[in-house]
Amino acid sequence: MSTKTIHQFALIFFFLLSSNVYYAQIKVSDTPDWVVQQSYDKSPEIDLKDISYGLLVLLSDEQVHVPKQERYIRFARKITDNVGIQDGSSISINFDPTYQQLVLHNITVFRNGTTIDKLNVNDFQTIRQESNAESYIYDGSLNAIANLADIRNGDILDVSYSIKGFNPIHGNHFSGATALNDFQPVGKINYYIISNKTLQFKTLNSNVVPDIGSYMGFTTYHWQTNLAEEPTFEDNTPMWYLPYDHLFVSDYKTWGAVVDWALKIYKDDLKLSSSLKAKIEQLKNSSETEGERILATLKFVQDDIRYLGLESGIGAYKPFSPNQVLEQRFGDCKDKSWLMVTMLRQMGIEAYPVLISSVYGESLDQFLPSPNAFDHVVVNVVDSKNNSLFYDPTLNNQFGYYKSVSFPNYGKGLIIKENGTALEKIKPQSEDTVEVFDIFDLPTVGGPGTLKVMTLYRGAEADAMRRRYKSNSISSLSDNFKDYYENLYDGVEVLEDPTFDDDSLANKLIVEEFYKINDIWKPMVGNDKNIAVDFTPYSILDVFISPNEKTRKTPFDLYYPTHKKHNVTIKLPESWRLEKDNINITSKNFDFSMASKMSTARDILYLDYEYKNKHSHVAPKDFEDYYNKVKEVEQILSYYIYIPKSEASNRRLNEAFDTDKIVSNLSTIFYWIFGIVLIIAIGLVVFVVQSNKNREK
């Protein structure tokens, strides 16, 4: 048997074995006796016009037995339109086979007063979907999927199942969260917990209070809502904002208790491998200062350890050994962060892992303390001068001085160190600016022009552009840049490929672009008797978000942090009579300025714009002021120069007429010269004739 055949046989055997294991983890049993059975209205008073996708949820029921480590789920949904049959006939249940088992209890269809039993374990297929594979994260979870036969419009599907087993990384702790409403009406929502510990609980956007009771010596907590109102959704709401009626429960009393839990996971008791020791010594000896060592370690972990997460079971929380991460040269956020922390500590530099929520960082203080509040890990470094600095080892191609390396706007984080007790607000530590210099050359009125663009990126903006040009070919970037300007002007031609000047030490990157714009003069908007050129600070326009409504109930998201400067120089074919501008607009959330001046001696117009926001979002109470100031900016954001078409045409005719004048003048000069020559010639003839007569005498 060949080696290839052996490998194929082994792969098939492993696949069959895995399939049998997965199948064995789906069982069928009666509903557990600790579950409190819930009734529901099959025809609740809900307007069908409020139903989306042809599906109405009649019951959403979740019950948890903490001591047994079991979670019971039941849902009942009614198909109200034929478009709902597709989704209404499918069941998908996610679980982690490394510590959980799926138990099916009931699958029933109610149709026209009859009850149809649809429970058949053989209808289920178990697959690994790995929904985060595009982010190089593999959690090993399974989806048990069934597509039920003979499901019709008007059917009610009632499904219940249990998932046994909690992630062992949490030990005896329990915490959870759920929503007490949905984006569309729900007949009834039920949440019930049996706990052997006293639980903290907290609601957001809701006044629902629990019924607290007992069951076999345990404490029970019971929340229930009927026909709860849908949450308020508005455009441009920050991702971290929590619009639903949220319920949080936890037996962690403080964030300090979460730190104590995490300290057991990030134990600083590793015996370093010879390879890791050698790498640490190499980085230490090749750097003269503390800052250089911090930066060199960050660069190594970012750029030489690729990002890949294998996060099944406790791997979702516990990092692999730094020895293993170095050897395999890959890891996820916690693996890379813990490797960096370990290496820096071995160099005598103070460093800690930091738990982060990449989505809900701004609203973490509204959560109850829980490890489940976090989905990311970064690094906090405290240098010898007590500067507290933050780094994300999952990023790459970051440059600059160690104190100014850019860090994403994660909001708040929990530093894992002894006696840590609270979330910490993380402030940006780099100057993330973009400065654009546009130079337009317009040699004629109504004719084509050229545009040279130089863009200077600093900080995180330089990192982002660096990653972009390192990941793409110059030709594809040139096409992308051209497409961008074709949205602004017609007839754009690329004169030269873009150039990139990367100053990694200062973390500055300069991009230069060169274009010809054939149709830069266009009929003026609102007055097509004029032709005009529009000069807009597009770099500011890209991040300047204009609302449509004047009032707001939820926060309004801003692109933050943003600091843009846009300078426009226009070489005109002649002097233009233009007023000088110097405008400043200041609000609680942003500052904007615009200045213009005309150099009549050189026929050059200068426009200077600057925009800087101050916060990541606009609070509802400040929104009217933001709206009004935005409208002020919109009035001056674009700058037009224009001229009547008739004058532009006359100028071209006059230019031709002037040429005729030149030709006419040349003809006149020619005749004058011809006349003078003729007179001289006649004079010479007369002189010669007179001389001959004198000789004859």
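User: How many of the residues in the protein chain count as buried?

Analyst: Good place to start! In this predicted model, 45% of the 697 residues of the protein chain count as buried. The chain exposes about 36200 Å², and carbon and sulfur atoms supply 51% of that area.

User: Could you show me how to read one residue? Where does histidine 170 lie, and is it buried or exposed?

Analyst: Histidine 170 sits in the loop between strand S10 (156-164) and strand S11 (175-179). A residue counts as buried when its relative accessible area is under 20%. Histidine 170 has a value of 13%, so it is buried.

User: Which residues does histidine 170 touch?

Analyst: Leaving out residues up to four places away in sequence, histidine 170 touches Tyr252, Trp261, Tyr317, Pro371 and Asn372.

User: What describes two packed helices?

Analyst: Two things do: the angle between their axes and the distance between those axes. Now try helix H4 (residues 274-285) and helix H5 (residues 290-304): their axes come within 9 Å and cross at roughly 135°. This angle makes H4 oblique to H5, because only angles over 145 degrees count as roughly antiparallel. H4 passes H5 in a right-handed crossing.

User: Which residues meet where H4 and H5 are in contact?

Analyst: From H4, Lys279, Leu283 and Lys284 take part; they meet Arg293, Ala296, Thr297 and Phe300 of H5. Sorted by class, the residues of this contact are three nonpolar, one polar and three charged.

User: How do the axes of H5 and H7 cross?

Analyst: The axes of H5 and helix H7 (residues 333-346) come within 10 Å, and the crossing angle is roughly 150°. That makes H5 roughly antiparallel to H7. The crossing of H5 and H7 is right-handed.

User: And which residues of H5 and H7 meet?

Analyst: On the H5 side you will find Arg293, Ile294, Thr297, Leu298, Phe300, Val301 and Gln302. On the H7 side, their partners are Lys336, Leu339, Met340, Met343 and Leu344. By class, this contact of H5 with H7 has eight nonpolar, two polar and two charged residues. Have a look for them in the structure!

How values were computed: Residues are numbered from 1 along each chain as its sequence is written. This is a predicted model: local features need pLDDT of at least 70, side-chain atom pairs count only at pLDDT 80 or more; totals for chains, interfaces and linings use all residues. Side-chain values use heavy atoms; hydrogens and water are left out. Buried means under 20% relative accessible area, exposed over 50%, partly exposed in between (1.4 Å probe, protein chains only). Accessible areas come from the Shrake-Rupley method with a 1.4 Å probe; for residues, only the protein chains shown count as cover. Axes are lines fitted to C-alpha atoms, for helices over the stretch in contact, and angles run from 0 to 180 degrees between N-to-C directions. Helices (H or I, at least four residues) and strands (E, at least two) are DSSP runs, numbered from the N terminus. Angles under 35 degrees count as roughly parallel, over 145 as roughly antiparallel, 65 to 115 as roughly perpendicular and the rest as oblique. A crossing is left-handed if the near helix is turned anticlockwise from the far one by less than a right angle, and right-handed if clockwise. Contact means heavy atoms within 4.5 Å. Ala, Val, Leu, Ile, Met, Phe, Trp, Tyr, Cys and Pro count as nonpolar, Asp, Glu, Lys and Arg as charged, and the others, Gly among them, as polar.
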